[in-house]
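The sequence and the structure come first, and the description follows.

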Amino acid sequence: MATLRLIIILTLSFTATVISVTGHNITEILNEFPAYTSFNKYLTQTKLNDEINRRETITVLVFNDTVVSEYLSGLDISVVKNALSVHVLLDYFDLPKLQTIGGGSVMTTTLFQTTGEAENGAGFVNITDLVAGKVGFGSGGSGSKLNALFSRSVKQIPYNISVIEITSPIIAPGVLNRSQPLDVNISSLLEKSGCKTFAKLISDTGVLQIYETTEPRGLTVFAPSDAAFNAPSLPDFKNLSNNDLISLLLYHALPVYVPKGSLLTVKNPIGTLATNQVQKFDLTVRTNGDSVTLDSGVDNSRVESTLLDKVPLSIFKIDHVLIPAGFFPHSPKSAPVKSPESSPPAPVVPVTAPVSTPVQAPVPVPVHGPVAASPAPVARNSPVKSPPVSSPTTSSPLAGPAPADSPDADTGNNDNNNSSGGVKASVMFLALVTLAVSGMISSVFG
């Protein structure tokens, strides 16, 4: 009996230990260190924080705000995202592991490699053991120098996340040269990507103008494929007024930039551009591994592919038209929408673009590369009768506390804080459970 009791206690203790190392939040970790305020802020603006948080084994190479200002000042935000993603390694490296390189070097994969934009080795980082115990970091691109050195360990949750300060940024070939401002023809992109019907509808109704006005402050579009508009289950659009059609098309967009990695971390319903001061139209995001499904309350639509991910604009192709609950209260007879080649153009209805407030969100499937192995709507009774041209909601479940605008002078925090940043509440709960079960076993078997 004593052996059984010991096995149960050890099992519960092991479970608590495992859970304590399976969760991390890079925003909360860096909030403890004022020296990285700007770095932390950029991670939130680019949504790289969501990518970092959803991955189980990762290393973040940080540098202080003085270096951030020199390196990233004046760059387009999309360039900043690529530059910082080079500093996110898809493997776990702490000081002991770096010291095992032993006069050699290792090439490891970065988050930038997963974007498909990395060229000529720019998506890899070379880590080399130098003389006098120093460790150098450089781009994996041909001819790149080891321009960054290990400075200190900032925070580690063993084999889950490691945050290391380096002396200077890693300069990946060509990354900083991509400073052209975002200039995307949304309609043309949709037509080329098999979303001609949706492109024609947003153009004819004036919704495209709303999209373009919202884009600089952040925009995410869910574009149904042409096949989605021919689905037998789709209600007859002829029963919709122009204003209702506008509302439906606005339901397919969010007034905030949300890349795929952030969608995978969304827990609460998110507001769409169709939401106004009178009615609220949300979408619920459901995930299964790396797959994303949008739930309107009537039907589900799967995200087929990412057509564009360039801060501040994301465009996704989906396989069903999103219908809010209660939008077709009488469930009219199904009738597919005619393709743009055969249908007459709808009258253009001028629409005043909504004024939205940008949402900053701190709102993470590992990629294997040549890396060193780690140690171990509620239903409504009637359709919308007016276009939601008022300001969309300014808050979002994706939003979170933004980092401070400027760092404090104190940068003394260091390795002594390595125990925080994980799932502390779960550990305490399981510890209490362990004690409770232990007491119960003692009363039964003692």
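Is Arg-302 buried, partly exposed or exposed? With a relative accessible area of 38%, Arg-302 is partly exposed; buried means under 20% relative accessible area, exposed over 50%, and partly exposed in between, with a 1.4 Å probe and protein chains only.

The model is predicted, so local features need pLDDT of at least 70 and side-chain atom pairs count only at pLDDT 80 or more, while totals for chains, interfaces and linings use all residues. Residues are numbered from 1 along each chain as its sequence is written, and side-chain values use heavy atoms, with hydrogens and water left out.

**Overall make-up**

The protein chain holds 13 helices and 14 strands. Helices (H or I, at least four residues) and strands (E, at least two) are DSSP runs, numbered from the N terminus. The chain has 446 residues, and 49% of them count as buried. Its accessible surface, by the Shrake-Rupley method with a 1.4 Å probe, comes to about 20,000 Å², and 55% of this belongs to carbon and sulfur atoms.

**Salt bridges**

A salt bridge is a side-chain nitrogen of Lys or Arg within 4 Å of a carboxyl oxygen of Asp or Glu. By this rule the count comes to twelve. The table lists some of them.

| Pair | Closest N and O atoms |
|---|---|
| Asp-204 and Lys-200 | 2.6 Å |
| Asp-295 and Arg-286 | 2.9 Å |
| Arg-302 and Asp-319 | 3.8 Å |

Arg-302 lies in strand β13 (residues 300-310) and Asp-319 in the loop between β14 (313-318) and α13 (424-445), so this pair ties together parts that are 17 residues apart in sequence.

Asp-204 counts as buried at 14% relative accessibility. Asp-295 is also buried, at 15%, whereas Arg-286 is partly exposed at 44%.

**Nonpolar cores**

A nonpolar core is a set of buried Ala, Val, Leu, Ile, Met, Phe, Trp, Tyr and Cys residues joined through side-chain atoms within 4.5 Å. The largest has 52 residues, of which Leu-190, Phe-198, Tyr-211 and Phe-222 touch the most other members. Helix α11 (residues 242-250) gives the most to this core, with five residues. Apart from it lies another core of 47 residues, including Phe-39, Ile-101, Phe-112 and Ile-127.

Leaving out residues up to four places away in sequence, Tyr-211 touches several residues, among them Ile-186, Phe-198, Leu-249 and His-252. Contact here means heavy atoms within 4.5 Å.

**Strand β5 and its surroundings**

Five of the five residues of β5 are buried, so β5 is largely enclosed by the rest of the structure. Two strands pair if DSSP finds at least two bridges between them. Strand β4 (residues 124-129) pairs with β5 in the antiparallel sense over five bridges, and Asn-126 stands opposite Gly-138 in β5. The two strands form a hairpin with five residues between them, and Ala-132 in the turn has a positive phi of about 60 degrees. On to β6, two bridges join it to β5, and these strands run antiparallel. Phe-137 stands opposite Ala-148 in β6.

Leu-146 lies in the loop between β5 (135-139) and β6 (148-157).
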